Amino acid sequence: MAQTDCSAYTDAHDLVIISYNMHGFNQGVELVKHWCLIKSFDVLIVQEHWLSQATLYSFNVIGPDYFCFSFSSMGTTCSSDLLRGRPFGGLAIIVKRDYVNVCECVFDSDRLVAILLNDTLIVNVYFPCSSKADVKEVTLEVLGQLDEVFTSNVYENVIVGGDLNCNLDVVSWSSTIITEFLTSHDLVNCDCRWPDHSKVTYHHNTLNLYSCIDYFFVSSELRSRIVFATVLDCVINQSDHYPISVSCGKIISNSRPSNYTDS
C-alpha cells in the first residue's frame with residue numbers, strides 16, 4: 001500500500017481529491033507541503049489542523065500553486081475561556097490555483113466546509129467521535145447543515161469527503177443515521193473501489209486500534225466516472241490517519257459555467 005501520491009493512477013484530465021486528517025498542523029504539514037510541491041492533487045480537504053483563528057496564517061506555507069480556505073473550530077472556546085488540554089478540530093480546503101476564478105466557499109462551520117468548484121460541490125466534513133457526551137446532538141447538527149447545503153441549490157456533481165468518526169461497516173447509531181442520510185441524498189460510498197487490504201484509515205499502533213472511518217461519497221451519476229479510490233500510505237505521514245484519495249474523470253474546467261453570475 002506504499003503509495004505516496006496519485007500520479008500512478010491519473011492523467012492530466014482527472015480531478016484528484018485527497019482527504020487528510022492531520023491530527024494537528026505540525027503532524028501533517030510536511031506531507032501537505034510535499035503534495036503541493038509535486039502537485040499531487042486538485043483539491044485537498046483537511047480535518048483537525050487544531051489551529052486557532054489567529055494562527056490560520058500557518059497555511060501560507062502551502063506554496064504558490066495553491067490557495068486555501070481555512071477555518072478554526074476554537075473561536076468560541078478561545079474567546080470565552082482559557083483553552084484547556086489538546087487543541088481540537090479545524091477544517092481547510094486547499095485548491096489548485098488554476099481554479100481560483102471558478103471556486104467559491106458556499107458554507108462553513110466548525111465541522112463542515114463546502115466549496116463550489118465550477119458546477120461541482122465539494123464538501124469537507126468532520127463528525128464527532130463516539131466518546132463525546134453530545135455525539136448524537138452534534139451528529140444531527142452536522143447532518144442538518146449538510147441538508148441545508150444540499151437543498152440550497154441544484155448541483156450537477158457532489159463529492160463529500162472527510163472523517164466520519166465511525167466505521168460504516170459496523171452497525172451503530174452513528175453509522176446507521178449517517179448512511180441513511182447520505183443514501184437519501186443519492187450519494188454512494190467510494191470505498192467499494194478500495195482493495196480489501198486498504199480498508200484501514202485510522203491506526204493507533206500503541207493501543208492496537210485500527211479502523212476505517214474516513215470516506216468519500218459521490219453523487220450516483222459520478223460513480224461510473226471514478227477512476228480510482230484508494231488509501232495512501234505515505235512515509236512522511238505523522239498523523240494517526242492515512243490519507244484517502246478519489247479521482248473522477250474530468251468534470252471541471254477553469255472557466256465559469258455559462259449560466260454563472262457574480263453575486
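Colleague: Which residue stands opposite leucine 116?
Modeller: In this predicted model, leucine 116 faces leucine 121, which belongs to strand S7.

Colleague: How do S6 and S7 pair, and over how many bridges?
Modeller: Strand S6 (residues 112-117) and strand S7 (residues 120-126) are antiparallel, with six bridges between them.

Colleague: What is the strand order in the open sheet?
Modeller: The six strands run S5-S6-S7-S8-S12-S9, and the pairing is mixed.

Colleague: Which strands stand at the edges?
Modeller: Those are S5 (103-108) and S9 (187-189); each has a single partner strand, so one side of each lacks a neighbour in the sheet. From one strand to the next, the twist averages 20°.

Colleague: Turning to S12, is phenylalanine 216 buried or exposed?
Modeller: Phenylalanine 216, in strand S12 (residues 214-219), is buried, because its relative accessibility is 2% and the cut-off for burial is under 20%. The C-alpha atoms of phenylalanine 216 and serine 19 are 8.2 Å apart, although 197 residues separate the two in sequence.

Colleague: Now helix H1: what span should its 14 residues have?
Modeller: At 1.5 Å a residue, helix H1 (residues 25-38) should span 20 Å, and the end C-alpha atoms are 20 Å apart, so the two values agree.

Colleague: Which residues of H1 are buried?
Modeller: They are Phe25, Gly28, Val29, Leu31, Val32, Trp35 and Cys36.

Colleague: And what covers the buried residues of H1?
Modeller: The cover includes strands S1 (15-21), S2 (43-47), S3 (66-71) and S4 (91-96).

Colleague: What follows H1?
Modeller: Lysine 39 comes after H1, and the phi of lysine 39 is positive, near 55°.

Definitions and conventions: Residues are numbered from 1 along each chain as its sequence is written. This is a predicted model: local features need pLDDT of at least 70, side-chain atom pairs count only at pLDDT 80 or more; totals for chains, interfaces and linings use all residues. Side-chain values use heavy atoms; hydrogens and water are left out. Two strands pair if DSSP finds at least two bridges between them. Helices (H or I, at least four residues) and strands (E, at least two) are DSSP runs, numbered from the N terminus. Axes are lines fitted to C-alpha atoms, for helices over the stretch in contact, and angles run from 0 to 180 degrees between N-to-C directions. Buried means under 20% relative accessible area, exposed over 50%, partly exposed in between (1.4 Å probe, protein chains only). The expected span of a helix is 1.5 Å times one less than its number of residues. Contact means heavy atoms within 4.5 Å.
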